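Dear colleague,

Please find below the structure that I am handing over to you. A summary of the findings follows it.

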Amino acid sequence: MSANDAVVLAMPVSDVNAEMQNKAIVDALYKGLSNGEMETVARFIASDLEWWFHGPPKCQHMMRMLTGESSQTKFRFEPRNIEAIGDCVIIEGWEGAQVYWVHVWTLKDGVITQFREYFNTWLTVTDTSPYGRKIRHENHTLWRSHPRDLFNRSLPGLVLGI
């Protein structure tokens with residue numbers, strides 16, 4: 001048994017199932033986007049989606065895709081890492097040496113209600129809940145960016161509390 005198995009086993013089964021379902025929904029969203037199936041994508045997103053972006057304005061690719069302003073062919077999001085933490089799903093990807101992105105999707109009852117997009121930004125996700133998560137993490141850090149070429153460049157950093 002690995003250390004990750006021990007963490008999963010410490011969570012109630014219902015929490016593990018919810019995280020697996022949330023990951024599956026977000027994965028289906030990316031597959032729908034890559035196939036140009038915008039009706040499929042729309043089924044997963046709340047009509048009053050809350051959106052937040054950090055990065056150069058010209059890089060707001062996901063929101064342009066979700067609103068129909070641009071097509072998938074202009075920028076392709078290919079997730080390299082997918083993690084679920086509670087009701088959030090964190091997706092990370094990179095395209096060549098100059099583009100690094102992180103998406104944080106928040107789901108409620110199987111619907112995406114919030115989307116945060118970070119472009120060329122180092123992100124650290126911390127636990128800010130008053131009672132702490134069911135899984136304790138050292139220094140309250142739940143997740144950190146893993147850009148493959150971080151040591152070759154400098155990225156601005158942000159801390160996201162969930």
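The protein exposes about 9200 Å², of which carbon and sulfur atoms supply 52%. Please note that this is a predicted model. Of the 162 residues of the protein, 42% count as buried.

As to the overall architecture, the secondary structure consists of four helices and eight strands. Read from the N terminus, the order of these elements is α-α-α-β-α-β-β-β-β-β-β-β. Where contacts link residues at least 6 apart in sequence, 56% of them join residues at least 24 apart.

I would draw your attention to strand β3, which spans residues 88–95. This strand is mostly covered, with seven of its eight residues buried. Strand β3 pairs with β2 and also with β4, as set out below.

With strand β2 (residues 81–85), β3 runs antiparallel, and five bridges join the two. Within this pairing, glutamate 83 stands opposite isoleucine 90 of β3. The hairpin of β2 and β3 has two residues between the strands, and glycine 86 in this hairpin takes a positive phi near 60°.

With strand β4 (residues 99–108), β3 is likewise antiparallel, and here eight bridges join the strands. Glutamate 95 has valine 99 in β4 as its bridge partner.

When you inspect the side chains, one general point may be of use. In a regular strand, side chains alternate between the two faces of the sheet.

With kind regards

Methods. Residues are numbered from 1 along each chain as its sequence is written. This is a predicted model: local features need pLDDT of at least 70, side-chain atom pairs count only at pLDDT 80 or more; totals for chains, interfaces and linings use all residues. Side-chain values use heavy atoms; hydrogens and water are left out. Buried means under 20% relative accessible area, exposed over 50%, partly exposed in between (1.4 Å probe, protein chains only). Contact means heavy atoms within 4.5 Å. Accessible areas come from the Shrake-Rupley method with a 1.4 Å probe; for residues, only the protein chains shown count as cover. Two strands pair if DSSP finds at least two bridges between them.
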